[in-house]
Amino acid sequence: MCENICEGRDEMKKITPGVPWLDTSGKLIQAHGGGILTMEENGQTVYYWYGEDKTDGYRPLVGVHAYKSTNLLDWEDCGVVLKAMDNKSEFEIPYFAALYSHLSETEQAAIFADLHKHSAVMERPKVIYNTKNNNYVMWFHADGPTATSDANYAKAKAAVAVSSSPTGPFTLLGSYRLDHYGGEHYLHNPGMARDMTLFQDGETAYIIYASEENYTLYISRLNGDHTMITSGGVESENYKPVEGQDYVRVFPMLHREAPALFKHKGKFYMLTSGCTGWHPNPALYAVADSVMGEWTNKNDPCVNDVKRTTFDSQSTFVLPLDSENGKYMYLGDRWVPSDLANSRYIWLPLTVCESGNVKIKWADEWGL
Ligand code: GAL
């Protein structure tokens, strides 16, 4: 009897964008700038939502938090799957020792710089599954000060971590500068990687990131392990990337970030935001016949978005719901700069019409 009542309630459950969202234990979900990994487990579709844990605001960092769901509405807390570190002596505690005790002191120092609660920046984590190695690969925007600058976004790298389980713990492998086209724009500061996402098309995976001081988006192909870009990145020896094969430079000087990609009926779609920090601005989408381009910019997909602020949000991911029928879900963040822990999730219906046009509509609440 009781079960019937609960089932009935479940059917009534809806996504309510912008409203505080609690996990199944009643705690506020902390998965900002996140993305969803869809897996089949024991014949059932399971979703893992990974994002920035902003419990303590911008800093101290907590790490990357994961949640699990079978219906995209009820999210079970899987904990912090990539933990930030308070100090180097934590390499001695069992959690970090199990992950990093095989490293030299110099190597540990590099890991620490990317995980340091009080100076690192860990944003927009995304996780994909690598069938070759049967493991989970996470990339995130790894930033923070450098030896020559104390600015929060001086490092401008992308970091990669792996785990044999979707719920971690993830082992950080390192952080890297990515591709640069060799031309004049930011040749003095090549390979920058800030806002980023991952996109997997069959066995091939790509990292999409804001580069050249956020002026230009790049798409770089990942290797078979998905743990490095195929060119090796600008810091690698004999760096000789092939444009169009290893990477492409998308929208030069257009100043776009917060990329989110999806595939619909053989075409590729990319949603981006403008670059105005935590403050929302109009979204823009682009279409291509191949991930490596040529990308054609379209327009703002938001319908009746009177303020032209992507319904007061910034893109972070697009999840296919019923791809055959053009039904997707837009995932965005409504950042609250003064209280980042209380930033809200804006999940809205995204439709690809017969014409190929993309539309995102506001809904106070909607069923999946
Ligand atoms: C935004 C970016 C966010 C965060 C923020 C910090 O442009 O999309 O992920 O980095 O800036 O101001």
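Start by selecting strand E1 (32-41), strand E2 (44-53), strand E5 (121-130), strand E9 (196-201), strand E13 (256-264) and strand E18 (314-322): each of them gives at least two residues to the lining of the largest pocket. Strands here are DSSP runs (E, at least two residues), numbered from the N terminus.

Before going on, note that this is a predicted model, in which local features need pLDDT of at least 70 and side-chain atom pairs count only at pLDDT 80 or more, while totals for chains, interfaces and linings use all residues. Residues are numbered from 1 along each chain as its sequence is written, and side-chain values use heavy atoms, with hydrogens and water left out.

**First stop: the largest pocket**

This pocket holds about 610 Å³ of space. Select Ile36, Thr38, Gln200, Phe317 and Pro320, which are the closest to its centre of the 27 residues that line it. A pocket is an open set of points on a 1 Å grid over the protein atoms alone, with protein on both sides within 12 Å along at least five of seven lines; lining residues have an atom within 4 Å of a point. A volume is the space filled by probe spheres set on the points, which are joined across faces, edges and corners. Colour the lining by class and you will find 19 nonpolar, five polar and three charged residues. Ala, Val, Leu, Ile, Met, Phe, Trp, Tyr, Cys and Pro count as nonpolar, Asp, Glu, Lys and Arg as charged, and the others, Gly among them, as polar.

**Second stop: the ligand and its pocket**

Now move to the second largest pocket, with a volume of about 270 Å³. Of its 15 lining residues, Glu123, Tyr153, Asp195, Glu257 and Gly277 are the closest to the centre. Its lining has four nonpolar, five polar and six charged residues. The ligand takes up this space (more than half of its atoms lie within 2 Å of the grid points).

Show the residues around the ligand: Glu123, Arg124, Tyr153, Asp195, Glu257, Gly277, Trp278 and Gln314 (a heavy atom within 4 Å). The protein covers 88% of the 310 Å² of accessible area that the ligand has on its own (Shrake-Rupley method, 1.4 Å probe).

**Last stop: the largest cavity**

Finally, select Glu52, Asp53, Lys54, Gly57, Tyr58, Leu61, Val62, Gly63 and Met122, which line the largest cavity (a set of points where a 1.4 Å probe fits but cannot get out). Its volume is about 50 Å³.

How values were computed: Helices (H or I, at least four residues) and strands (E, at least two) are DSSP runs, numbered from the N terminus.
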